Amino acid sequence: MATDGEEVELTLFEAAGGIVFFEGLVEIFYREVQADPVLVVLYPEADLGPAKHRLATFLAQYWGGPMTYAEERGNPALKMRHFPYAIGPEQRDRWLAAMGIAIDEMDPVPDVRRMLTEYFVMAAEHLRNDQSMRFTGSA
Ligand code: HEM
């Protein structure tokens, strides 16, 4: 696209500020997860450190950064990796609310904010699997 030497195309990863941005985003996101009783019960590990690393490296890779996630985890296959967790509309919306707070606090430039928000709304709905009572044992 950049043909006249004046326009330079950046990946969103670069425009957002690189890995530091995604690590900051995920740090705030998981702070919110930890404070949300509906979300926190979904996370299988008491130590959220490894989950932070997986989400940050995934997002960095998705937006054009290093392929660390693929090297460590292989194909993202996010739909499959979310099957074990009961994600209904409430979980989806709380996840998005937590990420919304993280985006607000990181305060990226408007284009980055818009693209991230559109992506998360789309992806959270895609990952919804609606079986929200699966692990409760109640009807
Ligand atoms: C909106 C887009 C979302 C993205 C991009 C995303 C991304 C990810 C990634 C990359 C992982 C780690 C996968 C792995 O390598 O094992 C993960 C794990 C997980 N996600 Fe999501 N997720 C999204 C939405 C959600 C939603 C809506 C929920 C539930 C409310 C959820 C709950 C979880 C849980 C419980 C884990 C396991 C923690 C872990 O082991 O990393 N995710 N997600």
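Leaving aside its neighbours within four places in sequence, which residues is Ala-102 in contact with? They are Leu-25, Ile-28, Phe-29 and Glu-32, where contact means that two C-beta atoms, placed from the backbone, lie within 7 Å.

The model is a predicted one: local features need pLDDT of at least 70, side-chain atom pairs count only at pLDDT 80 or more, and totals for chains, interfaces and linings use all residues. Residues are numbered from 1 along each chain as its sequence is written.

The chain has eight helices and zero strands; helices (H or I, at least four residues) and strands (E, at least two) are DSSP runs, numbered from the N terminus. Of the 139 residues in the chain, 19% are buried. A residue is buried if 20 or more other C-beta atoms lie within 10 Å of its own, exposed if 12 or fewer, and partly exposed in between, with C-beta atoms placed from the backbone. Among contacts between residues at least 6 apart in sequence, 73% join residues at least 24 apart.

Helix α7 covers residues 89-106. Its 18 residues reach 25 Å from the first C-alpha to the last, close to the 26 Å expected at 1.5 Å a residue; the expected span is 1.5 Å times one less than the number of residues. Buried in α7 are Gln-91, Arg-92, Trp-95, Ala-98, Met-99, Ala-102 and Met-106. They cover an arc of only 130 degrees around the axis, which puts them on the same side of α7; the arc is that of the directions from the helix axis to the C-beta atoms. An α-helix has 3.6 residues a turn, so residues three or four places apart point the same way. Pro-89, Glu-90 and Asp-104, on the other side of α7, are exposed. The buried residues of α7 pack against α2 (19-34), α3 (37-40) and α8 (110-127).

Ala-102 also belongs to the largest nonpolar core, which has 22 residues. Such a core is a set of buried Ala, Val, Leu, Ile, Met, Phe, Trp, Tyr and Cys residues joined through C-beta atoms within 7 Å. Phe-22, Leu-25, Val-26, Phe-29, Ala-98 and Ala-102 touch the most other members. At least two residues each come from α1 (12-16), α2, α4, α7 and α8, and the largest share, seven residues, comes from α2.

Two loop residues remain. Most residues other than glycine have a negative phi. Asp-107, in the loop between α7 and α8, has a positive phi of about 50 degrees although it is not a glycine. Asp-107 is exposed, with 8 other C-beta atoms within 10 Å. Ala-77 lies in the loop between α5 (68-73) and α6, and has a positive phi of about 35 degrees. With 10 C-beta neighbours inside 10 Å, Ala-77 also counts as exposed.
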